[in-house]
Amino acid sequence: MINNEDRYEEDERFMIGSFPKGFGYPDDENDIQSNDVNDRALTGEVKPRILIMGLRRSGKSSIQKVVFHKMSPNETLFLESTNKIVKDDISNSSFVSFTIWDFPGQIDFFDSTFDSENIFGGCGALVFVIDAQDDYMEALSKLHHTVKKAHQVNADIKFEVFIHKVDGLSDDHKIETQRDIHQRANEDLMDSGDENILLSFYLTSIYDHSIFEAFSKVVQKLIPQLPTLENLLNIFITNSGIEKAFLFDVVSKIYIATDYSPVDMQSYELCCDMIDVVIDISCIYGDFNYSVKEDGENSTFDGSSSSTIKLNSGTVLYLREVNKFLALVCILREDNFDKQGLIDYNFQCFRQAIQEVFEIKFNKHKPQQIINNSLDSTHSNGYNSDQNH
Ligand SMILES: Nc1nc2c(ncn2[C@@H]2O[C@H](COP(=O)(O)OP(=O)(O)OP(=O)(O)O)[C@@H](O)[C@H]2O)c(=O)[nH]1
Ligand SMILES: [Mg+2]
(Lines give C-alpha, C1' and ligand atoms only; values in the text may rest on other atoms or scores of the structure.)
(Ligands and ions follow the chains in the order given, each with its own letter.)
Protein backbone atom coordinates (compact mmCIF):
# COMPACT_ATOMS: atom_id res chain seq x y z
CA MET A 1 0.00 0.00 0.00
CA ILE A 2 0.88 3.60 -0.21
CA ASN A 3 3.22 4.82 2.37
CA ASN A 4 4.66 8.05 1.23
CA GLU A 5 3.62 10.07 4.19
CA ASP A 6 6.92 11.84 4.53
CA ARG A 7 6.11 14.42 1.98
CA TYR A 8 2.90 15.48 3.62
CA GLU A 9 4.28 17.41 6.44
CA GLU A 10 1.46 19.63 7.51
CA ASP A 11 -2.21 19.01 7.04
CA GLU A 12 -2.90 22.63 6.32
CA ARG A 13 -0.82 22.44 3.23
CA PHE A 14 -3.49 20.37 1.59
CA MET A 15 -6.45 22.16 0.25
CA ILE A 16 -9.51 20.46 -1.12
CA GLY A 17 -9.40 20.31 -4.87
CA SER A 18 -5.89 21.57 -4.96
CA PHE A 19 -2.42 20.17 -4.80
CA PRO A 20 -0.20 20.37 -1.79
CA LYS A 21 1.24 23.82 -1.80
CA GLY A 22 4.68 24.93 -0.87
CA PHE A 23 5.94 21.49 -1.35
CA GLY A 24 9.62 21.91 -1.58
CA TYR A 25 9.11 24.91 -3.80
CA PRO A 26 9.12 28.48 -2.67
CA ASP A 27 5.46 29.42 -2.45
CA ASP A 28 5.56 33.05 -2.92
CA GLU A 29 7.59 35.27 -5.13
CA ASN A 30 8.64 37.12 -2.02
CA ASP A 31 10.17 33.98 -0.57
CA ILE A 32 12.50 33.81 -3.46
CA GLN A 33 15.69 35.58 -2.92
CA SER A 34 17.42 34.15 -5.89
CA ASN A 35 20.51 35.76 -7.09
CA ASP A 36 23.52 34.50 -8.88
CA VAL A 37 24.82 32.90 -5.72
CA ASN A 38 21.64 30.83 -5.51
CA ASP A 39 22.26 29.68 -9.03
CA ARG A 40 24.86 27.46 -7.50
CA ALA A 41 23.61 24.24 -6.03
CA LEU A 42 25.13 23.27 -2.72
CA THR A 43 27.35 20.97 -4.63
CA GLY A 44 29.20 23.92 -6.08
CA GLU A 45 27.65 23.20 -9.46
CA VAL A 46 26.04 26.02 -11.33
CA LYS A 47 22.36 25.23 -11.66
CA PRO A 48 21.02 25.44 -15.17
CA ARG A 49 18.94 28.52 -15.76
CA ILE A 50 15.72 28.45 -17.76
CA LEU A 51 14.47 31.78 -19.10
CA ILE A 52 10.79 32.22 -19.97
CA MET A 53 10.22 35.02 -22.45
CA GLY A 54 7.47 36.16 -24.78
CA LEU A 55 5.04 39.00 -25.34
CA ARG A 56 2.81 40.37 -22.60
CA ARG A 57 -0.09 38.15 -21.56
CA SER A 58 1.25 35.23 -23.56
CA GLY A 59 1.04 33.05 -20.43
CA LYS A 60 4.62 32.94 -19.10
CA SER A 61 3.87 33.37 -15.41
CA SER A 62 0.88 31.03 -15.67
CA ILE A 63 3.12 28.26 -17.01
CA GLN A 64 5.62 28.69 -14.23
CA LYS A 65 2.92 28.82 -11.55
CA VAL A 66 0.97 25.83 -12.85
CA VAL A 67 3.94 23.55 -13.37
CA PHE A 68 6.05 24.44 -10.36
CA HIS A 69 3.68 25.95 -7.82
CA LYS A 70 0.61 23.78 -8.27
CA MET A 71 -1.58 26.74 -9.09
CA SER A 72 -4.83 25.59 -10.67
CA PRO A 73 -5.22 26.85 -14.26
CA ASN A 74 -8.29 28.92 -13.41
CA GLU A 75 -6.41 30.82 -10.74
CA THR A 76 -4.02 32.15 -13.37
CA LEU A 77 -6.82 34.43 -14.59
CA PHE A 78 -6.03 36.60 -11.58
CA LEU A 79 -2.26 36.78 -12.10
CA GLU A 80 -0.95 40.29 -12.41
CA SER A 81 1.34 41.35 -15.16
CA THR A 82 4.99 40.76 -14.30
CA ASN A 83 6.93 44.01 -14.11
CA LYS A 84 10.39 42.79 -13.18
CA ILE A 85 12.40 39.61 -13.71
CA VAL A 86 11.15 37.02 -11.20
CA LYS A 87 13.76 34.41 -10.30
CA ASP A 88 12.53 31.13 -8.94
CA ASP A 89 14.75 28.47 -7.47
CA ILE A 90 13.58 24.93 -8.22
CA SER A 91 15.70 22.55 -6.21
CA ASN A 92 13.42 19.87 -5.01
CA SER A 93 15.51 17.04 -6.32
CA SER A 94 19.06 16.62 -7.34
CA PHE A 95 17.99 15.66 -10.82
CA VAL A 96 15.60 18.52 -11.26
CA SER A 97 17.48 21.45 -9.89
CA PHE A 98 17.47 24.72 -11.75
CA THR A 99 16.36 28.31 -11.60
CA ILE A 100 13.57 29.75 -13.69
CA TRP A 101 13.57 33.40 -14.66
CA ASP A 102 10.16 34.74 -15.59
CA PHE A 103 10.50 37.89 -17.68
CA PRO A 104 8.07 40.76 -18.08
CA GLY A 105 6.52 40.79 -21.56
CA GLN A 106 7.61 44.31 -22.34
CA ILE A 107 11.32 43.78 -21.70
CA ASP A 108 13.54 45.55 -24.20
CA PHE A 109 16.86 43.95 -25.06
CA PHE A 110 18.17 47.12 -26.59
CA ASP A 111 17.76 48.97 -23.35
CA SER A 112 21.20 49.71 -21.92
CA THR A 113 20.15 48.36 -18.52
CA PHE A 114 19.47 44.91 -19.98
CA ASP A 115 22.62 42.98 -19.22
CA SER A 116 22.41 40.40 -21.98
CA GLU A 117 25.87 38.99 -21.30
CA ASN A 118 24.91 38.08 -17.79
CA ILE A 119 21.36 36.98 -18.55
CA PHE A 120 22.05 34.78 -21.55
CA GLY A 121 25.55 33.80 -20.46
CA GLY A 122 24.49 31.35 -17.76
CA CYS A 123 21.33 30.21 -19.48
CA GLY A 124 20.67 26.54 -20.32
CA ALA A 125 17.34 26.88 -22.09
CA LEU A 126 15.23 29.74 -23.34
CA VAL A 127 11.50 29.07 -23.47
CA PHE A 128 9.73 31.50 -25.76
CA VAL A 129 5.96 31.57 -25.30
CA ILE A 130 3.69 32.52 -28.22
CA ASP A 131 -0.04 33.04 -27.66
CA ALA A 132 -1.64 30.92 -30.39
CA GLN A 133 -5.04 32.50 -29.80
CA ASP A 134 -3.71 35.90 -30.76
CA ASP A 135 -2.13 37.34 -33.87
CA TYR A 136 1.42 36.00 -33.63
CA MET A 137 3.30 38.18 -36.13
CA GLU A 138 4.68 40.50 -33.46
CA ALA A 139 5.59 37.49 -31.32
CA LEU A 140 7.51 35.95 -34.22
CA SER A 141 9.52 39.09 -34.74
CA LYS A 142 10.30 39.26 -31.02
CA LEU A 143 11.24 35.57 -31.08
CA HIS A 144 13.66 36.24 -33.90
CA HIS A 145 15.37 39.13 -32.12
CA THR A 146 15.53 37.29 -28.82
CA VAL A 147 16.98 34.11 -30.28
CA LYS A 148 19.52 35.98 -32.37
CA LYS A 149 20.71 38.07 -29.45
CA ALA A 150 20.85 35.11 -27.07
CA HIS A 151 22.72 32.95 -29.55
CA GLN A 152 25.32 35.68 -30.08
CA VAL A 153 26.03 35.71 -26.35
CA ASN A 154 25.78 31.97 -25.72
CA ALA A 155 25.74 29.44 -28.54
CA ASP A 156 24.87 26.56 -26.18
CA ILE A 157 21.38 27.76 -25.28
CA LYS A 158 18.55 25.41 -26.21
CA PHE A 159 15.68 27.32 -27.79
CA GLU A 160 12.21 26.01 -26.98
CA VAL A 161 9.14 27.62 -28.53
CA PHE A 162 5.84 27.02 -26.74
CA ILE A 163 2.89 27.59 -29.05
CA HIS A 164 0.65 28.25 -26.10
CA LYS A 165 -3.07 28.43 -25.21
CA VAL A 166 -3.91 25.82 -27.84
CA ASP A 167 -6.89 24.72 -25.73
CA GLY A 168 -8.92 27.27 -27.70
CA LEU A 169 -7.98 25.75 -31.08
CA SER A 170 -9.47 22.85 -33.01
CA ASP A 171 -7.15 19.93 -33.82
CA ASP A 172 -6.77 21.01 -37.44
CA HIS A 173 -6.14 24.58 -36.44
CA LYS A 174 -3.46 23.46 -33.97
CA ILE A 175 -1.51 21.59 -36.62
CA GLU A 176 -1.88 24.43 -39.10
CA THR A 177 -0.71 27.02 -36.52
CA GLN A 178 2.28 24.91 -35.58
CA ARG A 179 3.25 24.45 -39.22
CA ASP A 180 2.87 28.13 -39.94
CA ILE A 181 4.85 29.30 -36.89
CA HIS A 182 7.54 26.70 -37.51
CA GLN A 183 7.93 27.76 -41.12
CA ARG A 184 7.92 31.51 -40.51
CA ALA A 185 10.33 31.33 -37.56
CA ASN A 186 12.81 29.22 -39.50
CA GLU A 187 12.48 31.41 -42.60
CA ASP A 188 13.27 34.49 -40.51
CA LEU A 189 16.41 32.77 -39.23
CA MET A 190 17.44 31.74 -42.73
CA ASP A 191 16.92 35.26 -44.05
CA SER A 192 19.25 36.65 -41.42
CA GLY A 193 21.85 33.94 -42.01
CA ASP A 194 21.22 32.16 -38.70
CA GLU A 195 20.06 28.82 -40.03
CA ASN A 196 22.39 27.07 -37.59
CA ILE A 197 20.11 28.06 -34.71
CA LEU A 198 17.78 25.18 -33.85
CA LEU A 199 14.31 25.82 -32.50
CA SER A 200 12.08 23.13 -30.93
CA PHE A 201 8.33 23.63 -31.03
CA TYR A 202 5.65 22.38 -28.65
CA LEU A 203 1.88 22.82 -28.58
CA THR A 204 0.98 23.69 -25.00
CA SER A 205 -1.88 24.61 -22.73
CA ILE A 206 -2.11 24.92 -18.97
CA TYR A 207 -5.56 23.30 -19.12
CA ASP A 208 -4.19 19.83 -19.97
CA HIS A 209 -1.03 17.78 -19.57
CA SER A 210 0.68 19.25 -22.60
CA ILE A 211 2.47 21.91 -20.57
CA PHE A 212 3.93 19.27 -18.23
CA GLU A 213 5.02 17.14 -21.13
CA ALA A 214 6.67 20.06 -22.89
CA PHE A 215 8.44 21.15 -19.73
CA SER A 216 9.59 17.58 -19.17
CA LYS A 217 11.36 17.67 -22.50
CA VAL A 218 12.91 21.06 -21.79
CA VAL A 219 14.20 19.91 -18.42
CA GLN A 220 15.46 16.59 -19.78
CA LYS A 221 17.78 18.39 -22.15
CA LEU A 222 19.44 19.95 -19.12
CA ILE A 223 20.00 16.71 -17.21
CA PRO A 224 23.47 15.41 -17.95
CA GLN A 225 22.57 11.94 -16.63
CA LEU A 226 19.71 11.55 -19.11
CA PRO A 227 21.34 8.93 -21.37
CA THR A 228 22.24 6.83 -18.33
CA LEU A 229 18.72 7.08 -16.93
CA GLU A 230 17.16 6.18 -20.27
CA ASN A 231 19.46 3.26 -20.63
CA LEU A 232 18.61 1.99 -17.16
CA LEU A 233 14.89 2.32 -17.86
CA ASN A 234 15.28 0.48 -21.10
CA ILE A 235 17.11 -2.42 -19.49
CA PHE A 236 14.52 -2.48 -16.72
CA ILE A 237 11.48 -2.66 -18.99
CA THR A 238 12.89 -5.19 -21.43
CA ASN A 239 13.73 -7.57 -18.59
CA SER A 240 10.43 -7.12 -16.76
CA GLY A 241 7.79 -7.37 -19.49
CA ILE A 242 6.81 -3.72 -19.04
CA GLU A 243 5.51 -1.63 -21.92
CA LYS A 244 6.35 1.86 -20.80
CA ALA A 245 8.07 3.37 -17.79
CA PHE A 246 8.43 6.98 -16.70
CA LEU A 247 10.72 8.31 -14.03
CA PHE A 248 8.72 11.14 -12.49
CA ASP A 249 9.65 14.10 -10.41
CA VAL A 250 6.65 13.62 -8.14
CA VAL A 251 6.13 17.21 -7.07
CA SER A 252 6.07 18.80 -10.49
CA LYS A 253 4.84 15.71 -12.38
CA ILE A 254 7.38 16.31 -15.05
CA TYR A 255 9.08 13.12 -16.16
CA ILE A 256 12.81 13.36 -16.13
CA ALA A 257 13.38 10.24 -18.21
CA THR A 258 11.54 7.47 -19.99
CA ASP A 259 12.54 4.42 -21.98
CA TYR A 260 13.31 4.59 -25.68
CA SER A 261 9.80 3.81 -26.95
CA PRO A 262 7.83 6.85 -28.11
CA VAL A 263 5.70 8.69 -25.56
CA ASP A 264 2.04 8.91 -26.27
CA MET A 265 0.13 11.60 -24.51
CA GLN A 266 -2.49 9.19 -23.13
CA SER A 267 0.05 7.04 -21.29
CA TYR A 268 1.67 10.12 -19.85
CA GLU A 269 -1.71 11.43 -18.68
CA LEU A 270 -2.56 8.09 -17.11
CA CYS A 271 0.68 8.11 -15.16
CA CYS A 272 0.16 11.73 -14.06
CA ASP A 273 -3.33 10.84 -12.89
CA MET A 274 -1.94 7.91 -10.97
CA ILE A 275 0.46 10.20 -9.13
CA ASP A 276 -2.49 12.46 -8.27
CA VAL A 277 -4.44 9.48 -6.94
CA VAL A 278 -1.51 8.23 -4.87
CA ILE A 279 -0.94 11.67 -3.41
CA ASP A 280 -4.63 12.17 -2.63
CA ILE A 281 -5.04 8.74 -1.02
CA SER A 282 -1.85 9.23 0.95
CA CYS A 283 -3.10 12.58 2.17
CA ILE A 284 -6.23 10.96 3.49
CA TYR A 285 -4.96 7.61 4.76
CA GLY A 286 -1.22 8.17 5.07
CA ASP A 287 0.49 7.61 8.35
CA PHE A 288 1.45 10.98 9.69
CA ASN A 289 3.65 9.55 12.44
CA TYR A 290 6.69 10.74 10.73
CA SER A 291 9.79 12.27 12.12
CA VAL A 292 11.41 15.36 10.82
CA LYS A 293 15.13 15.42 10.75
CA GLU A 294 17.21 18.34 11.89
CA ASP A 295 17.63 19.65 8.40
CA GLY A 296 13.87 19.90 8.01
CA GLU A 297 13.63 17.02 5.59
CA ASN A 298 11.25 14.18 6.30
CA SER A 299 12.95 10.91 6.95
CA THR A 300 10.27 8.24 6.95
CA PHE A 301 10.09 7.76 3.25
CA ASP A 302 9.97 4.09 2.73
CA GLY A 303 11.46 2.07 -0.05
CA SER A 304 8.47 -0.27 0.02
CA SER A 305 6.02 2.50 -0.91
CA SER A 306 4.11 1.45 -3.96
CA SER A 307 0.72 1.44 -5.63
CA THR A 308 -0.98 -0.78 -8.20
CA ILE A 309 -4.00 0.15 -10.30
CA LYS A 310 -5.66 -2.42 -12.56
CA LEU A 311 -7.66 -0.95 -15.41
CA ASN A 312 -10.60 -2.59 -17.19
CA SER A 313 -8.59 -2.69 -20.36
CA GLY A 314 -6.31 -5.40 -18.95
CA THR A 315 -3.58 -2.86 -18.28
CA VAL A 316 -1.82 -2.41 -14.96
CA LEU A 317 -0.29 0.80 -13.67
CA TYR A 318 2.44 0.13 -11.17
CA LEU A 319 4.09 2.88 -9.15
CA ARG A 320 7.20 2.49 -7.02
CA GLU A 321 9.05 5.17 -5.16
CA VAL A 322 12.67 5.48 -6.15
CA ASN A 323 13.54 8.12 -3.61
CA LYS A 324 11.61 10.88 -1.98
CA PHE A 325 11.59 12.97 -5.12
CA LEU A 326 11.37 10.37 -7.81
CA ALA A 327 8.78 7.73 -8.58
CA LEU A 328 8.84 5.11 -11.27
CA VAL A 329 5.47 4.61 -12.97
CA CYS A 330 5.12 1.62 -15.27
CA ILE A 331 2.42 0.56 -17.70
CA LEU A 332 2.16 -3.16 -18.41
CA ARG A 333 -0.28 -5.85 -19.47
CA GLU A 334 -2.07 -7.65 -16.68
CA ASP A 335 -0.67 -11.06 -17.74
CA ASN A 336 2.84 -9.82 -17.28
CA PHE A 337 2.04 -8.63 -13.79
CA ASP A 338 1.84 -12.28 -12.74
CA LYS A 339 5.58 -12.09 -12.50
CA GLN A 340 5.52 -9.30 -9.95
CA GLY A 341 8.41 -10.88 -8.04
CA LEU A 342 10.63 -10.51 -11.05
CA ILE A 343 9.53 -6.93 -11.59
CA ASP A 344 10.20 -6.11 -7.97
CA TYR A 345 13.61 -7.70 -8.06
CA ASN A 346 14.52 -5.81 -11.22
CA PHE A 347 13.20 -2.66 -9.64
CA GLN A 348 15.57 -3.09 -6.69
CA CYS A 349 18.47 -3.33 -9.14
CA PHE A 350 17.18 -0.30 -11.00
CA ARG A 351 16.87 1.71 -7.81
CA GLN A 352 20.34 0.69 -6.74
CA ALA A 353 21.69 1.89 -10.07
CA ILE A 354 19.89 5.22 -9.73
CA GLN A 355 21.38 5.65 -6.29
CA GLU A 356 24.79 5.02 -7.72
CA VAL A 357 24.20 7.78 -10.24
CA PHE A 358 23.40 10.05 -7.31
CA GLU A 359 26.42 8.87 -5.39
CA ILE A 360 28.84 9.55 -8.20
CA LYS A 361 27.48 13.04 -8.42
CA PHE A 362 27.62 13.36 -4.67
CA ASN A 363 31.18 12.12 -4.33
CA LYS A 364 32.37 14.31 -7.13
CA HIS A 365 31.23 17.38 -5.22
CA LYS A 366 31.70 16.14 -1.69
CA PRO A 367 34.30 18.58 -0.39
CA GLN A 368 32.30 21.55 -1.62
CA GLN A 369 29.09 20.19 -0.21
CA ILE A 370 30.53 19.68 3.23
CA ILE A 371 31.67 23.28 3.33
CA ASN A 372 28.31 24.51 2.16
CA ASN A 373 26.37 22.26 4.50
CA SER A 374 28.16 23.73 7.42
CA LEU A 375 27.06 27.14 6.20
CA ASP A 376 23.47 26.19 5.61
CA SER A 377 22.14 22.92 6.89
CA THR A 378 18.59 23.48 5.68
CA HIS A 379 19.15 22.51 2.07
CA SER A 380 20.71 19.15 1.49
CA ASN A 381 19.55 19.29 -2.11
CA GLY A 382 18.54 15.67 -1.77
CA TYR A 383 21.98 14.23 -1.93
CA ASN A 384 22.34 12.88 1.59
CA SER A 385 18.95 11.70 2.51
CA ASP A 386 18.10 9.89 -0.67
CA GLN A 387 20.64 7.25 -0.46
CA ASN A 388 19.89 5.57 2.76
CA HIS A 389 16.42 4.13 2.72
N1 LIG B 1 -6.86 29.70 -22.57
C2 LIG B 1 -5.66 29.76 -21.99
N3 LIG B 1 -5.34 30.85 -21.27
C4 LIG B 1 -4.12 30.89 -20.69
C5 LIG B 1 -3.20 29.81 -20.81
N6 LIG B 1 -2.07 30.15 -20.13
C7 LIG B 1 -2.29 31.37 -19.61
N8 LIG B 1 -3.51 31.83 -19.94
C9 LIG B 1 -4.12 33.12 -19.55
O10 LIG B 1 -3.36 34.16 -20.12
C11 LIG B 1 -3.42 35.31 -19.29
C12 LIG B 1 -2.06 35.93 -19.14
O13 LIG B 1 -1.26 35.07 -18.37
P14 LIG B 1 0.09 35.53 -17.65
O15 LIG B 1 0.71 34.27 -17.17
O16 LIG B 1 -0.12 36.61 -16.67
O17 LIG B 1 0.92 36.10 -18.86
P18 LIG B 1 2.40 36.66 -18.87
O19 LIG B 1 3.01 36.21 -20.14
O20 LIG B 1 3.10 36.30 -17.61
O21 LIG B 1 2.14 38.23 -18.94
P22 LIG B 1 3.16 39.41 -18.52
O23 LIG B 1 3.63 39.13 -17.14
O24 LIG B 1 2.30 40.64 -18.61
O25 LIG B 1 4.25 39.44 -19.52
C26 LIG B 1 -4.06 34.86 -17.98
O27 LIG B 1 -5.39 35.33 -17.95
C28 LIG B 1 -4.06 33.36 -18.06
O29 LIG B 1 -5.16 32.76 -17.40
C30 LIG B 1 -3.60 28.67 -21.57
O31 LIG B 1 -2.89 27.67 -21.73
N32 LIG B 1 -4.84 28.70 -22.14
MG1 LIG C 1 3.98 37.39 -16.17
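User: In what order do the six strands of the open sheet stand?
Analyst: The six strands are ordered E2-E3-E1-E4-E5-E6, and their pairing is mixed. The model is predicted. In this sheet, neighbouring strands are turned against each other by 20 degrees on average, direction ignored.

User: What makes E2 and strand E6 edge strands?
Analyst: E2 and E6 (199-203) each have a single partner strand, so one side of each lacks a neighbour in the sheet.

User: How do you know that E1 and strand E4 pair, and in which sense?
Analyst: Two strands pair if DSSP finds at least two bridges between them. E1 and E4 (residues 123-131) have six bridges, so they pair, and the sense is parallel. Isoleucine 50 has alanine 125 in E4 as its bridge partner.

User: Which strands does helix H3 lie across?
Analyst: Helix H3 (residues 137-153) lies across E1, E4 and strand E5 (158-164). With E4, H3 makes an angle of about 170 degrees. Helix H4 (residues 171-191) also packs on this sheet, where it touches E4, E5 and E6. The direction of H4 makes about 160 degrees with that of E6.

User: Why is H1 called roughly perpendicular to H5?
Analyst: H1 and helix H5 (residues 210-220) pack at an angle of about 85 degrees, their axes being 10 Å apart. Angles of 65 to 115 degrees count as roughly perpendicular, so H1 is roughly perpendicular to H5.

User: Which residues make that contact between H1 and H5?
Analyst: H1 contributes Ile63, Val66 and Val67, and H5 contributes Ile211, Phe212 and Phe215. By class, the contact has six nonpolar, no polar and no charged residues.

User: What makes H5 mostly covered?
Analyst: Nine of the 11 residues of H5 are buried. Among them are Ile211, Phe212 and Phe215, along with Glu213. A residue is buried if 20 or more other C-beta atoms lie within 10 Å of its own.

User: Is lysine 70 buried or exposed, and how do you know?
Analyst: Lysine 70 has 20 other C-beta atoms within 10 Å. The cut-off for buried is 20 or more, so lysine 70 is buried. Lysine 70 lies in the loop between H1 and strand E2 (86-90). Its phi is positive, about 55 degrees, although lysine 70 is not a glycine.

User: Why is arginine 57 called partly exposed?
Analyst: Arginine 57 has 15 other C-beta atoms within 10 Å. Exposed requires 12 or fewer and buried 20 or more, with partly exposed in between, so arginine 57 is partly exposed. Arginine 57 is placed in the loop between strand E1 (49-54) and H1. Phi of arginine 57 is near 60 degrees, a positive value in a residue other than glycine.

User: Which residues are the closest to ligand 1, and how many surround it?
Analyst: Ligand 1 is surrounded by 22 residues, and the closest are Gly59, Ser61, Ser62, Thr82 and Gly105. Helix H1 (residues 60-69) supplies the largest share of this shell, three residues. By class, the shell has five nonpolar, 12 polar and five charged residues.

User: In what order do the five strands of the other open sheet stand?
Analyst: The order is E8-E7-E11-E10-E9, with antiparallel pairing. Strand E8 (254-258) and strand E9 (306-310) are the edge strands, since each pairs on one side only. Neighbouring strands here are turned by 25 degrees against each other on average, direction ignored. Helix H6 (residues 226-240) packs on this sheet and touches E7 and E8. The direction of H6 makes about 70 degrees with that of E8.

User: How do you know that E10 and strand E11 pair?
Analyst: The requirement is at least two bridges; E10 and E11 (residues 326-333) have seven, so they pair, in the antiparallel sense. Arginine 320 has leucine 328 in E11 as its bridge partner. E10 and E11 form a hairpin with four residues between them.

User: How do E9 and E10 pair?
Analyst: E9 and E10 pair in the antiparallel sense over five bridges. Serine 307 has leucine 319 in E10 as its bridge partner. Their hairpin has four residues between the strands, and glycine 314 takes a positive phi near 80 degrees there.

User: What makes strand E10 mostly covered?
Analyst: Six of the seven residues of E10 (residues 315-321) are buried. Of the 389 residues of the protein chain, 40% count as buried.

Conventions:
Residues are numbered from 1 along each chain as its sequence is written. Chains are lettered from A and ligands numbered from 1 in the order in which they are written. This is a predicted model: local features need pLDDT of at least 70, side-chain atom pairs count only at pLDDT 80 or more; totals for chains, interfaces and linings use all residues. A residue is near a molecule or strand if its C-beta atom, placed from the backbone, lies within 6 Å of it. Helices (H or I, at least four residues) and strands (E, at least two) are DSSP runs, numbered from the N terminus. Ala, Val, Leu, Ile, Met, Phe, Trp, Tyr, Cys and Pro count as nonpolar, Asp, Glu, Lys and Arg as charged, and the others, Gly among them, as polar. Axes are lines fitted to C-alpha atoms, for helices over the stretch in contact, and angles run from 0 to 180 degrees between N-to-C directions. Two residues are in contact if their C-beta atoms, placed from the backbone, lie within 7 Å. Angles under 35 degrees count as roughly parallel, over 145 as roughly antiparallel, 65 to 115 as roughly perpendicular and the rest as oblique.
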